[in-house]
Amino acid sequence: MADRGASALSLPEDWPAHPDPILALNHMGTFDWDLDKGLFHMDAEAHEVFDLLPDEFDGRPESLVLRVPRPEAARLDALVAQVIKEGGENFGAYFRIRCRDGTPRWTHTQGYIRRDDAGRPRRVVGIVRDATEELADSTSRSMRAAQELAFRQQTNIVQVVSAALAHARTVQDVIDVLKDTHGIRRLGAASFVMALVEAGRIRLVAEAPPGSFVPATQVNRIDEPYPMSEVVRTLSPRFVETPEEFAEEYPLLWPQITHLDIASAAYLPLIAQGRAIGAMGLLYSDRRGFSDEERGVLVALGGSIAQSLQRAMFYEQQKDLAQGLQQAMLPRTIPNVPGADIAVRYRSAALGRDIGGDWYDVIPLPGGRVGAVIGDVQGHDTHAAAVMGQLRIVLRAYAAEGHTPAAVMARASVFLHELDTDRFATCLYAEADLSTGVVQMVRAGHIDPLMRGPGGCRRVQAEGGLPLGLSAEFGDLEYPVSTLELDPGETLLLCTDGLVEQPGADLDDGMRGLAEQVCGGPEDVADLADRLIQLAEERGGEDDVALLLLRRREPETARPCGRLQQHVAPGDPEALTQARHMIRSAVRAWGAGERADEIELAADELMTNVLVHTEGAAIVTLRSLVGAGRRLRIEVEDSSSALPRRRDAGEEGVSGRGLLLVEMLADDWGVEARGSGKAVWCEFRLGEEREGESRAGEGRTREGRTREGRTREG
């Protein structure tokens with residue numbers, strides 16, 4: 001209502017001594033506001049504009065409140081103050097006054113600010129005039145302009161809602177867009193309801209605000225006398241323009257919605273590919289009737305919603321199909337493994353038919369051992385899922401055949417390479433002896449596991465090899481084996497990178513964040529798995545998540561039976577150290593007692609013999625045997641067919657005492673042919689089965705004891 005850009009008045013310097021007769025002829029009053037004295041002078045015409053008698057105004061601006069309402073006076077004061085502050089010279093504004101009889105009057109003023117030589121404002125002079133008729137003449141034009149503006153706003157809202165619907169992937173996403181107060185509600189609707197057509201019936205699926213549903217009409221037949229049913233049958237919109245029309249046309253529904261204070265309604269069929277897939281109702285409480293333009297806007301809105309719903313339904317169907325395929329590739333059940341609590345979870349971030357190749361597996365093995373697998377095939381499509389299913393099966397088969405973890409991984413890599421696919425896969429295979437807690441782990445390009453214990457959660461940084469498929473392609477099938485001990489109550493966590501990776505974030509930061517969540521999570525592995533998957537859901541992301549948790553229980557038997565195996569390559573001191581670590585942990589867990597040191601020493605001698613006297617690797621196998629007495633057996637296999645020789649090292653010799661030492665320490669030992677190589681073995685009787693034999697100081701000799709299958713050269 002204000003215009004700072006009004007043209008400056010042309011007034012004489014000695015105004016108002018000589019009033020302008022032209023202003024008087026046009027019924028314009030003049031004023032002179034002395035800012036120094038705070039006096040407001042008006043001529044007779046100005047008194048008439050303000051409907052004031054000369055003796056009713058004392059010349060003070062604040063006395064004008066008799067005619068100018070306080071909000072209007074405050075607005076004018078703020079306008080003049082702003083113009084003065086900004087150094088302006090003139091202003092213009094419309095404002096309202098109350099006449100003597102209480103009727104309102106629109107008034108227009110233009111003012112000119114007079115300053116002294118220093119630029120300080122000293123006076124404000126100007127005119128006032130009655131503008132009621134002027135504004136009345138423009139009212140009809142303003143109303144038409146307002147209607148046009150409202151139509152444009154509705155059209156813009158349809159465009160905004162349609163843009164939001166373009167990002168909706170599910171039916172619930174579509175519903176959320178429509179329930180947004182910045183969407184449909186801006187069309188002026190007091191409430192809305194939406195229904196879907198399912199098996200010949202109409203089921204209401206959304207309402208806003210809550211309470212817009214009529215309970216008795218939540219599921220209806222298409223032939224029932226309700227507006228939703230009508231628009232679905234006829235495929236035409238239905239506009240109800242008055243409450244009287246509503247009550248006459250829909251006598252069953254109207255009594256149930258009178259509490260919503262409905263004045264009119266628009267019911268729209270949601271049509272896709274020539275058939276109604278649903279219907280939507282917009283109910284209004286402050287309007288009657290719909291113009292042709294408004295009807296066209298609402299019909300266009302219904303078409304946009306229908307297309308989004310159809311796309312969302314198709315997406316959900318495709319996603320269900322893809323997830324069903326992927327779930328069929330994963331283990332249907334997880335076996336019950338004595339000595340361990342195991343939980344697995346899988347979260348799909350699939351878009352339509354795009355699915356990932358993430359998988360997990362749990363493989364029971366002989367001797368109280370279990371294999372745990374986690375992996376991820378490159379790509380997000382049905383081909384990745386198919387490769388994943390084949391790879392999971394061959395890994396399980398190789399592990400069940402008794403191959404070492406490194407051999408399992410190498411064979412799986414060769415298999416994937418020979419599939420003639422362009423995909424590779426990352427994988428981590430951990431073989432745990434639950435009686436000893438020794439875990440042998442092989443990593444093929446996969447992220448590290450985590451281990452949680454009483455001291456917190458830590459990342460197990462295991463040396464790894466190339467991803468499956470790539471290692472075979474590049475001829476690098478050596479997979480180092482990492483060994484760790486899993487104490488009772490400790491948990492090993494294997495997962496795919498979808499649980500830790502986020503766009504723009506460092507993997508190490510993701511691993512630290514995951515470790516914090518695991519450390520502060522529930523003790524129960526099932527509850528912990530649920531919590532981690534929930535966090536993945538909250539974070540979102542476009543990658544699948546596979547998760548495997550293995551927690552070791554307290555041993556249930558004091559006389560375990562188990563088997564451990566370790567590959568020791570020549571020139572690999574780390575592998576030798578890991579093998580020693582494995583033996584040390586196992587013999588103590590298996591109850592070797594006072595013979596633990598002897599067993600470790602004998603095993604070390606046999607391994608050293610292979611590494612020193614052959615050119616190949618050693619495969620060390622440790623077995624706890626329960627049968628005719630309790631025994632512990634060590635086997636060291638190599639690829640050389642040359643038989644070991646027991647030699648007399650002499651007093652000054654630095655070598656040659658290995659087999660002599662094994663003979664003195666073990667209760668039995670021998671050599672067995674193994675294909676193109678051999679295995680040197682020794683056995684120790686444990687506990688009472690030794691029958692009181694003393695092992696030191698008696699100068700025991702094994703010369704008179706022989707066993708079938710044992711071969712020695714002396």
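Contact is defined here as heavy atoms within 4.5 Å. The model is predicted, so that local features need pLDDT of at least 70 and side-chain atom pairs count only at pLDDT 80 or more, while totals for chains, interfaces and linings use all residues. Residues are numbered from 1 along each chain as its sequence is written, and side-chain values use heavy atoms, with hydrogens and water left out.

Residues up to four places away in sequence aside, V481 touches A406, Q440, M441, V442, Q566 and Q578. V481 belongs to the loop between helix 13 (470–473) and strand 20 (482–485); helices (H or I, at least four residues) and strands (E, at least two) are DSSP runs, numbered from the N terminus. V568 is 87 residues from V481 in sequence, yet their C-alpha atoms are 9.2 Å apart in space.

An open sheet is formed by five strands in the order 12-22-21-17-18, with antiparallel pairing; two strands pair if DSSP finds at least two bridges between them. Strand 12 (340–347) and strand 18 (456–459) stand at the edges with a single partner strand each, so one side of each is left without a neighbour in the sheet. Strand 17 (residues 450–453) pairs with strand 18 in the antiparallel sense over four bridges, and the bridge partner of L450 in strand 18 is R459.
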